[in-house]
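This briefing describes a structural model by topic. It covers backbone features, strands and helices, and the ligand site.

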Amino acid sequence: MKDRQDYYYWKAKKEGYRSRAAYKLLQMNRTFKLIREGDMVLDLGATPGGWSQVAALLGASVVAVDLNPMKPIENVTFIRGDITLPETLEKIKEISPSYDVVMSDASPKISGKWTIDHLRSIDLARASFNIAKEVLKPGGNFVVKVFQGEEIQRFFNELKPYFRFKKFHSPQASRKRSAEVYFIGKRFRKI
Ligand SMILES: C[S@@+](CC[C@H](N)C(=O)[O-])C[C@H]1O[C@@H](n2cnc3c(N)ncnc32)[C@H](O)[C@@H]1O
């Protein structure tokens with residue numbers, strides 16, 4: 001999905017980021033202060049690695065997970081796995097039992113059918129949240145991508161009680177026509 005006319009595509013090339021998505025995280029981090037130096041960060045759906053690069057540059061130690069391989073990045077430990085499978089959670093916990101930040105930019109393969117893509121993205125977002133519930137430290141932060149659609153309010157209601165601060169946000173670096181929004185949850189509490 002590389003749009004060669006795209007401002008952020010060229011900016012990423014020039015500035016050494018592996019994806020235009022890096023700017024979405026940079027912008028969200030500027031607005032919501034999600035990642036701090038020294039944090040342990042879990043990056044779900046991480047390949048090619050733009051978000052992991054951003055987190056590592058902010059001084060975090062990163063564990064990155066994806067179905068597809070990812071070229072190494074300093075301070076990033078990569079797990080090749082499916083975030084919907086319990087064995088992947090076990091591997092994540094083996095590296096660190098708890099994380100300050102869990103972030104997920106996982107996307108399904110786009111079918112072009114709005115409802116199918118929406119429901120698949122909700123499944124991945126739920127899988128990401130199920131992992132977050134297991135490993136996020138109390139007070140930790142969570143970011144997850146979802147494609148908009150009819151299930152989004154129900155998903156928001158499920159997550160709502162777990163965070164003191166919560167909202168949907170669309171970073172400027174998201175394409176204007178994109179269906180994606182990010183749920184931002186801060187100050188996680190176990191319930
Ligand atoms: C938009 S890309 C992520 C881009 C990344 N944030 C960056 O900045 O480079 C979405 C990723 O989600 C991954 N993904 C989709 N389903 C997954 C699953 N079930 N388990 C793990 N990764 C998955 C895809 O392989 C793809 O690499």
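Asn 75 is placed in the loop that runs between strand E2 (61-66) and strand E3 (76-80). The phi of this residue, Asn 75, is near 70 degrees, which is a positive value in a residue other than glycine. The model is a predicted one. The points below take up other backbone features, then the strands and helices, and finally the ligand.

**Backbone geometry**

- Most residues other than glycine have a negative phi, and most peptide bonds are trans.
- Arg 187, which is not a glycine, has a positive phi of about 60 degrees.
- Arg 187 is located in strand E7.
- The peptide bond between Thr 47 and Pro 48 is cis, with omega at about 10 degrees.
- Pro 48 belongs to the loop between strand E1 (40-44) and helix H3.

**Helix H3**

- Helix H3 spans residues 50-57, and seven of its eight residues are buried, so the helix is largely enclosed by the rest of the structure.
- The buried residues in H3 are Gly 50, Trp 51, Ser 52, Gln 53, Val 54, Ala 55 and Ala 56.
- Gly 59 follows H3 and has a positive phi, near 95 degrees.

**Strand E5 and its partners**

- Strand E5 (residues 136-147) is mostly covered, with nine of its twelve residues buried.
- E5 runs parallel to strand E4 (residues 99-104), and five bridges join the two.
- Within this pairing, Phe 142 in E5 stands opposite Val 102.
- E5 runs antiparallel to strand E7 (residues 180-188), to which six bridges join it.
- Here Phe 142 stands opposite Gly 185 in E7.

**The β-α-β unit and helix H5**

- A right-handed β-α-β unit is formed by E4, helix H5 (residues 114-135) and E5.
- Ile 116 is a residue of helix H5.
- Its relative accessible area is 35%, so Ile 116 is partly exposed.
- From C-alpha to C-alpha, Ile 116 and Val 146 are 12 Å apart in space, while in sequence they are 30 residues apart.

**Ligand surroundings**

- There are 20 residues around the ligand, of which Ser 19, Gly 50, Asp 66, Asp 82 and Asp 105 come nearest.
- One of these, Gly 50, is also among the buried residues of H3.
- By residue class, the shell around the ligand comprises eight nonpolar, eight polar and four charged residues.

**Ligand contacts and burial**

- A polar backbone atom of Gly 49 is 3.0 Å from an oxygen atom of the ligand.
- A polar backbone atom of Gly 50 is 2.9 Å from an oxygen atom of the ligand.
- A polar backbone atom of Ile 83 is 3.0 Å from a nitrogen atom of the ligand.
- The ligand taken alone exposes 600 Å², and the protein buries 86% of that area.

Definitions and conventions
Residues are numbered from 1 along each chain as its sequence is written. This is a predicted model: local features need pLDDT of at least 70, side-chain atom pairs count only at pLDDT 80 or more; totals for chains, interfaces and linings use all residues. Side-chain values use heavy atoms; hydrogens and water are left out. A residue is near a molecule or strand if one of its heavy atoms lies within 4 Å of it. A polar contact is a pair of N or O atoms within 3.5 Å; within protein, one must be able to donate a hydrogen and the other to accept it, and residues adjacent in sequence count only if both atoms are side-chain atoms. Accessible areas come from the Shrake-Rupley method with a 1.4 Å probe; for residues, only the protein chains shown count as cover. Ala, Val, Leu, Ile, Met, Phe, Trp, Tyr, Cys and Pro count as nonpolar, Asp, Glu, Lys and Arg as charged, and the others, Gly among them, as polar. Buried means under 20% relative accessible area, exposed over 50%, partly exposed in between (1.4 Å probe, protein chains only). Helices (H or I, at least four residues) and strands (E, at least two) are DSSP runs, numbered from the N terminus. Two strands pair if DSSP finds at least two bridges between them. A crossover is right-handed if, with the strands pointing away from the viewer, the path from the first strand over the helix to the second runs clockwise.
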